[in-house]
Amino acid sequence: MTSDRHRSLPLLAPSRRTLIGAAALSLGVAAPARADGSAPGAPATPPAAPPGRAVTWKDQHVFPTFHATGAIRVADMDGLDGFDRLLLVTLQGLVNRERPEIYLIADPVDETWVADLPVRARLEKDPLALIERYRDRIGGAVLYDMDSPHTINLATSIAGLRGGVVATAEQAEQHDLPVLEDLRGRFEDDPDALHDWAMTHLWPECTREVLVGLPPTHNVEVEDISWTELLREEERVTDSSNHDTYTIDLEDHLDQDELFVQFTDAFTNDGWGPGVYAVELTCDGEIVAAFTPNTDDEAPFLFDGAASGTKEGLRFCDGGGYFVYRFEVPAGTTSMSIAIEMENQFVVSVTDQAPTRVEPFSSFRDFSIATGALVSWLPPSGASGSQFEELLTEVEPGTVYAGWFSDDVAGEWSGVELCSRAGVIVVAADFYMNATALSAVRASTRARPAPPTDREAENRTYLTLTIGEGDNIQFCQRHMRELWDDPARGSVPMNWTVSPLLEDIGPAILHHFQRTASENDLLVCGPSGAGYTYGDSWPEDELGVYTRLTGEYMGRTGLDVIFAYSTPDHDSAPPALPDRVLEAYAADGELRGILQTDELGDISQPGAAVPLIGNFYPPGGVDVYREELLAKIERERGDGPLFISGLINAWSWTPSDIVELVESLPDDVEVLLADEFFDLFARTAGSTEEG
């Protein structure tokens, strides 16, 4: 129930309903083409780029090149709701696909980057004034239906093809925008059927170079909500040993018409938040609500499950995640209690105010508008899984699926595995802002690895510590920048995973990390190279497409260590990457080594085609990490050097925490950057290997 890849999570897909008739759209704009048609993902005969769209695709690059820009207009969207943000982000894509000019601030980190961009920046005082400024670029508005939220993705796909923006009817009237298409009242909210319709009527005109997966809506926190805590697990419990049914008296809330019951993590830094198996609400001795999570019975009561994960008969959340149930309180109720079967580190709270509201999800839509990409939101498992698999067969090996999956935990595992089997590369990008502006800002990302060390390994413990999540380009743009600015960075050796694909989609971001890295900072390639994938799930005859792309990107950006994933085995520790995958990596790039998901840190293959070691990943904060690390050293220490690769939770740790850990370790533990670590590790080949 734990994962090292927690993310901000979108709204869970609504239940399936029936599609009503809708007339086919007349779409006259073709998708953009590659400059030479030779790179992975290109159709046999690429369509000509439409007038006004300066987007090209180059060989051995998975993201497009935009017309270079030397000046941007910066508009701060602070204070705007999701409806206005959606309008502006789609306008941004429309404008920037011709000549990148608009940069939007969604939160403070976007503003932080402005000073580091090698362009002239001019502040637009009123962000909505951009509509009038660029009116001549807007072909019209595509109207969506909030009663059928998946029409937001449909509208985005249409707008990218027709040269429009995505808007409500009220916005179109307010800004005097002609209506290109009105989707209101034409569709029931059946995401599967909407996707079928899009594949029939839109897909023939969409680019085959990239697929985009975005949630149509997301839940926005309502300010000033007053929560009453009902129950909290005070001890750290990570083994389900407190699994029980807990009954809570709600007599203090009888005068309320409705209740919102929230579940959060009592200890946010170890990945073992609440797991709920059953809920039962009783009023005046009668059961008024009873359900098992992740079933149809749960649906009427699930108010907000966006920041949670599910398994069969279980809903859970970790770290900053949460989920909320809504219950109506029958008039005249004189007694009320809730019984919850749950485990691990829970906090249960209640309020009578709706804690979140639903708004359109706007991020990354500029990219889909600019490229003419199809936008979908299909769970990769369950009833929608076959549609998702069919979509993947429509593109060539080496194509990128950019965005994310609708079920964060199960969706990640099944989604990445399905993509890997189809030869499609995943790039977590759903919260990536200003893709069309940052792609157009030119900055050098050329770099060279450090030369090999001439040291020999001694009889001691060597530890390298790696901050994960770097395949996630929105992490590199957002949270990594916050961590990077911690004054403690540079005090001790630490590895930072980063995506080499930023060479295309955010060169100024990658350049900043390269330029400001200290001698104790090493950039390593995030999972699992040129995008997130499971190499062992790739078809053997297509794996070279991915490893060649990886070798090209890493060679250009000076990276020579990879953090890689193998296909998860949900019943045991992740298996070591097989020889065929390591040999493919070795054939297509000059790599020092691969850090692999392991959690126990048992994989150790210094003599493999690429030296391979598993990441040791104990949950918890500094004290827990140190205790388990020292216990591992005690168990495994023998004659000769001991090598341990430690993974750091990027969402709950900071560089200050890493410094605290390193400074508390005994003198016979030496912390190294991953490049020197692998130089020494590889020289131990020939000794006993495990894994």
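The dialogue below works through some strands, nonpolar cores and a helix in a predicted model.

Q: What is the strand order in the open sheet of four strands, and which pairing does it show?

A: The order is 23-9-24-25, and the pairing is parallel. Strand 23 (375-376) and strand 25 (425-428) stand at the edges with a single partner strand each, so one side of each is left without a neighbour in the sheet. Elsewhere in this sheet, strand 9 (residues 210-213) pairs with strand 24 (residues 400-403) in the parallel sense over four bridges, and Val210 can be found opposite Val400 of strand 24.

Q: Which way do the residues of strand 27 point, and are they buried or exposed?

A: In a regular strand the side chains alternate between the two faces of the sheet. In strand 27, Met494, Trp496 and Val498 point one way while Asn495 and Thr497 point the other way, and all are buried. Because five of the five residues of strand 27 (residues 494-498) are buried, this strand is largely enclosed by the rest of the structure.

Q: How many bridges join strand 27 to strand 28, and how many join strand 26 to strand 27?

A: Strand 28 (residues 521-525) runs parallel to strand 27 and is joined to it by five bridges, with Cys525 of strand 28 as the bridge partner of Val498. Strand 26 (residues 461-467) also runs parallel to strand 27, and two bridges join them; here Thr466 stands opposite Asn495 of strand 27.

Q: Which residues have the most contacts inside the largest nonpolar core?

A: In soluble globular proteins, nonpolar side chains tend to be buried together. In this model the largest nonpolar core has 97 residues, and Tyr103, Phe364 and Tyr432 are those with the most contacts inside it. Helix 15 (residues 543-557) gives the most to this core, with six residues. Apart from this core lies another, of 83 residues, among them Leu177, Leu183, Val395 and Val426.

Q: Which residues does Phe364 touch?

A: Leaving aside residues up to four places away in sequence, Phe364 touches Val212, Leu214, Ala402, Ala429, Asp430, Tyr432, Ala435 and Ile505.

Q: Which residues of helix 8 are buried, and what arc do they cover around the axis?

A: An α-helix has 3.6 residues a turn, so residues three or four places apart point the same way. In helix 8 (residues 385-392), the buried residues are Gly385, Gln387, Phe388, Leu391 and Leu392. These residues cover an arc of only 160° around the axis, and therefore lie on the same side of helix 8.

Methods: Residues are numbered from 1 along each chain as its sequence is written. This is a predicted model: local features need pLDDT of at least 70, side-chain atom pairs count only at pLDDT 80 or more; totals for chains, interfaces and linings use all residues. Side-chain values use heavy atoms; hydrogens and water are left out. Two strands pair if DSSP finds at least two bridges between them. Buried means under 20% relative accessible area, exposed over 50%, partly exposed in between (1.4 Å probe, protein chains only). A nonpolar core is a set of buried Ala, Val, Leu, Ile, Met, Phe, Trp, Tyr and Cys residues joined through side-chain atoms within 4.5 Å. Contact means heavy atoms within 4.5 Å. The arc is that of the directions from the helix axis to the C-beta atoms.
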